[in-house]
Amino acid sequence: MVKFELEGHEYKTPDGWHEVKFSKFLQFLEEIQPLCPKALLKAYESENIELYWGAMSNRNKARCYQYFAKAVGFWVGLPYEIIQKDLSIEQLEAAYWAIEVDLSLENSQINEDFTGFTLGNKEYLLPQRHMVGSTVLEFTESAHFEQQMEDVKNGKWLALLDIMAVLCRPKGEVYNYEKGHHEMRKNIFKNVTMDIVLNVSFFLFRLNEALNKDLMIYSLLMLHRRNSQKQYQKNMDGVL
């Protein structure tokens with residue numbers, strides 16, 4: 001976290017994922033991240049970002065500083081114009097890189113025992129095993145789980161809202177897919193902080209691995225059953 005003062009007011013960058021709501025993160029992905037200049041993307045992809053940054057042309061650095069100003073302004077709640085006019089290059093760099101470190105996936109606090117979360121006065125629980133005890137309708141509505149998890153892996157975080165709306169429910173709540181209810185639950189989950197979202201995501205990736213394993217075992221069992229039935233039928237044909 002970095003603090004700085006402008007016009008008598010103190011501002012600070014987020015101290016971690018626990019200070020960022022899901023809605024704010026989604027807004028950043030939609031409004032700010034697409035503005036990232038190609039030169040900065042190449043720096044991130046390089047083997048040594050410091051060396052790449054040091055060798056970067058002044059023109060490309062100027063583009064990066066404009067992006068830094070927009071990103072820092074977004075996270076601290078200041079217009080881009082004020083950041084650009086009143087913040088020194090040194091302050092801007094310190095604030096931007098602090099955000100990059102504090103809001104990196106490597107800096108997320110993953111709880112291996114995470115099974116749910118509390119929002120307001122309600123506790124929302126995750127399934128211990130994928131779709132166990134689910135209704136046909138519930139399973140159908142979550143049938144895109146695999147593709148949605150692939151979307152999350154590829155950075156499409158909106159897909160996680162749909163997954164959470166289906167799988168995260170108060171204990172004992174009967175599954176009800178009605179479009180209005182589903183959208184309402186998605187809007188509720190936009191208020192969850194990103195430390196919780198990351199733990200939900202990690203939990204679901206583990207669940208996905210377990211599902212793949214279960215499906216493989218199920219396929220082998222079905223194959224064994226079919227082969228047994230064929231052998232039984234062959235034996236019976238020889239008897240009758």
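The model you see is predicted, so local features need pLDDT of at least 70 and side-chain atom pairs count only at pLDDT 80 or more, while totals for chains, interfaces and linings use all residues. Residues are numbered from 1 along each chain as its sequence is written, and side-chain values use heavy atoms, with hydrogens and water left out.

Glu173 has a partner: Arg185 forms a salt bridge with Glu173, and their closest N and O atoms are 3.1 Å apart. A salt bridge here is a side-chain nitrogen of Lys or Arg within 4 Å of a carboxyl oxygen of Asp or Glu. Arg185 lies in helix 10 (residues 179–189) and Glu173 in the loop between helix 9 and helix 10, so the pair ties together parts that are twelve residues apart in sequence. Arg185 is buried, with a relative accessible area of 3%.

Lys12 is partly exposed at 35%, and Glu19 is partly exposed at 37% relative accessibility. Asp86 forms another with Lys85, where the closest N and O atoms are 3.0 Å apart; Lys85 counts as exposed, at 61% relative accessibility.

Now step back to the whole chain. Its secondary structure comes to eleven helices and four strands; these are DSSP runs numbered from the N terminus, with helices (H or I) of at least four residues and strands (E) of at least two. Buried residues make up 38% of the 240 residues.

What lies inside? The largest nonpolar core has 59 residues, and Phe4, Phe22, Phe68, Val72, Ile83, Phe117 and Trp157 touch the most other members. Such a core is a set of buried Ala, Val, Leu, Ile, Met, Phe, Trp, Tyr and Cys residues joined through side-chain atoms within 4.5 Å. Helix 4 gives the most to this core, with ten residues. In soluble globular proteins, nonpolar side chains tend to be buried together. Leaving out residues up to four places away in sequence, Phe22 touches ones including Trp157, Leu160, Met164 and Phe189, where contact means heavy atoms within 4.5 Å.

Asn199, in helix 11, is also buried, at 6% relative accessibility. Beyond residues up to four places away in sequence, Asn199 touches Gln109, Ile110, Asn111 and Phe114.

How many disulfides are there? The count comes to zero, a disulfide being a pair of cysteine sulfur atoms within 2.5 Å. The sulfur of Cys64 is 7.1 Å from the closest cysteine sulfur, in Cys36, which is too far for a bond. Cys36 is buried at 13% relative accessible area, and Cys64 is buried at 0%.

Leu41, Tyr44 and Ile49 make a nonpolar surface patch of about 230 Å². Patches are made of residues with over 30% relative accessible area and no salt bridge, with like charges joined within 9 Å and nonpolar side chains (Val, Leu, Ile, Met, Phe, Trp, Tyr) within 5 Å; accessible areas come from the Shrake-Rupley method with a 1.4 Å probe, and for residues only the protein chains shown count as cover. Ile49 is found in helix 3 (residues 49–54) and is partly exposed, at 31% relative accessibility.

Key: Buried means under 20% relative accessible area, exposed over 50%, partly exposed in between (1.4 Å probe, protein chains only).
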